[in-house]
Amino acid sequence: MSDEQKRVLVVGGGLTGLTAAVFLAWHGVSTLVVERHTDTLLHPRARGINPRSVELLRQVGLEEDLHANLSMGVVATESADQMVRAETLAAEEYVLDSLAPGDVGGVSPCSWCAIDQDRLEVLLRKRATELGADIRFGTELAGFEQGPDGVTAVLRDLSSGNETAVTGAYLIAADGWRSGVRTRLGVRFTGPGVLMETLSVVFEADLEPVLRGRRPGLAFVSRPVDKTIVFPHDGDRAWVFGMPYYAADGTPAGDVTEEQVLRWVREAVGVPDLDVTLKVQIPQTGAKILSFPIGGYTAERFRSGRVFLAGDAARMVPPSGAFGGSSGIADAHNLAWKLASVLRGEAGEGLLDTYDEERRPVSLFTLEQAMARMVGRGDGEHPGESETVVEVDGTVVHPYWSVVFGYRYRSAAVLGTDPHDQEPVHAPRELRAQPGSRAPHLPLVRDGREISALDLFGEGWVLLAGEEGAAWVTAAEDAAARRGLRLTAHRVGGDVQDASGGWPARYGVEDTGAVLVRPDGFVAWRSAGLPPAPRAALERALDSLLQLG
């Protein structure tokens, strides 16, 4: 194939599209991203990505940048992890609650990162460009056609109107909940759909007299309507305001005036004559008032030929639990290594079917959990964020960290799942590297430096063998050389040392056993001990996993 035929086209330059560009380019895949907006949006939209997302971005060298660019409201105040409930910001009394979901408890080397989405997208765009991705803002997808060997897309430069045709091997639709690509493919979705709209602005005002030294990370206020939110944006004068919008008088969200919004902001703050200025959110249009949908759906399929749906094009979840953005990051991470493997000739085309097999069931489960958490949002209730399973309106709600870390994949890219274990998730501390689960974090020492086992994963396949598993290392090295496969073997007790004494129990094998971990850090296969012919066992597993049989 030509270089163009090996290229992946990404439609949408938001969080999911830019993340896909980073992961694809990091795997060496030629990537072209097109985005109709002329720049990333200035509105934060969402705040915070979970530790699993931080783990994934840590692989590509972004962890330090993430924490260096925390939302300014978080940097500016010690009370940034507090959620408050009050009638207005000016209220005499606040009802306080924790905004963060609690300590991850040693499950991960990473922590929750309170970074606004606009800041995160700037970092992703920069990193994708550094890695060689071609990112074109102000460019829209005018049309596309699939063929047996690739995708031909027509791109329109919005400043000139000029159209050009480009080709690629595959296309990722990361073009949001209104996805034109999904519509063109005729892919329907299941779920309640859009439940409501929110109106949101970034405003500037001096709120110090109102706050009287208080600076909450997020405030739910009941004026002008229940569950209106206000939170700091720059740690000084800039704030984000959002309110559910029901169009009681029939006025569409797009027709709401600045005067109306200013009145609502003043009501939320509790100062009728507050001096307020609305900031521009989309420079090319001058838009100051944005509307966002809140709802839930999952596409009926995530793959259609050579086109894949990701992020909000594949599913929408309500903001309760902050699962949405991180789900898009996980989509991109899951898909990128599979596309790279197929384009390098390491895996068969069938591997790409496992994207839908894995990510769609997890999306359905995540949607269910987020919908249940919507019950009582803003009323001080956090169902499922404790360490116990609860039930909300007939839905089993699992502990927060179980939803983030405890889901398991079942697909042709996983061998040896337990057919008797049909639980959708497990508590992360209970996982022992079962096939289909995220390989556990474990402190290790390599070259005199303490690392996490997770730091061994990402670039290619990894075989972790026990101290008595030298034969596994030899088998993996032979398989990698013969196949031209990115497969690295480590012996715990050999080139890496167990810093905690948790191996092999943490990975559910004996000292002679081995665990095969995919590039996305999920366990693909394991052998509890050393079989008579370890090389043959490993080769059979790889043939099946890579769809080469």
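Author: The open sheet has four strands, in the order β26-β25-β28-β29, with mixed pairing. Strands, here DSSP runs of E of at least two residues, and helices, runs of H or I of at least four residues, are numbered from the N terminus; two strands pair if DSSP finds at least two bridges between them. This is a predicted model, in which local features need pLDDT of at least 70 and side-chain atom pairs count only at pLDDT 80 or more, while totals for chains, interfaces and linings use all residues. Residues are numbered from 1 along each chain as its sequence is written, and side-chain values use heavy atoms, with hydrogens and water left out.

The edges are β26 (487–491) and β29 (523–527); each has a single partner strand, so one side of each lacks a neighbour in the sheet. From one strand to the next the twist averages 15 degrees. β28 (residues 514–517) pairs with β29 in the antiparallel sense over four bridges, and V517 has V523 of β29 as its bridge partner.

Two helices belong to this picture. Helix α12 (residues 470–483) lies across β25 (461–465), β26, β28 and β29, and runs at about 170 degrees to β26. Angles run from 0 to 180 degrees between N-to-C directions, and axes are lines fitted to C-alpha atoms, for helices over the stretch in contact. Contact means heavy atoms within 4.5 Å. Helix α13 (residues 534–545) also packs on the sheet, where α13 touches β25, β26, β28 and β29, and the direction of α13 makes about 160 degrees with that of β29.

A salt bridge joins the side chains of R483 and E539, at 2.7 Å from N to O. The term requires a side-chain nitrogen of Lys or Arg within 4 Å of a carboxyl oxygen of Asp or Glu. R483 is in helix α12 and E539 in helix α13, so the pair ties together parts 56 residues apart in sequence. E539 counts as buried, at 13% relative accessibility; buried means under 20% relative accessible area, exposed over 50%, and partly exposed in between, with a 1.4 Å probe and protein chains only.

A network of salt bridges links K338, E358, R518 and D520. K338 of α9 and E358 of α10 are also among the residues that make the contact between those helices. The structure holds 30 salt bridges.
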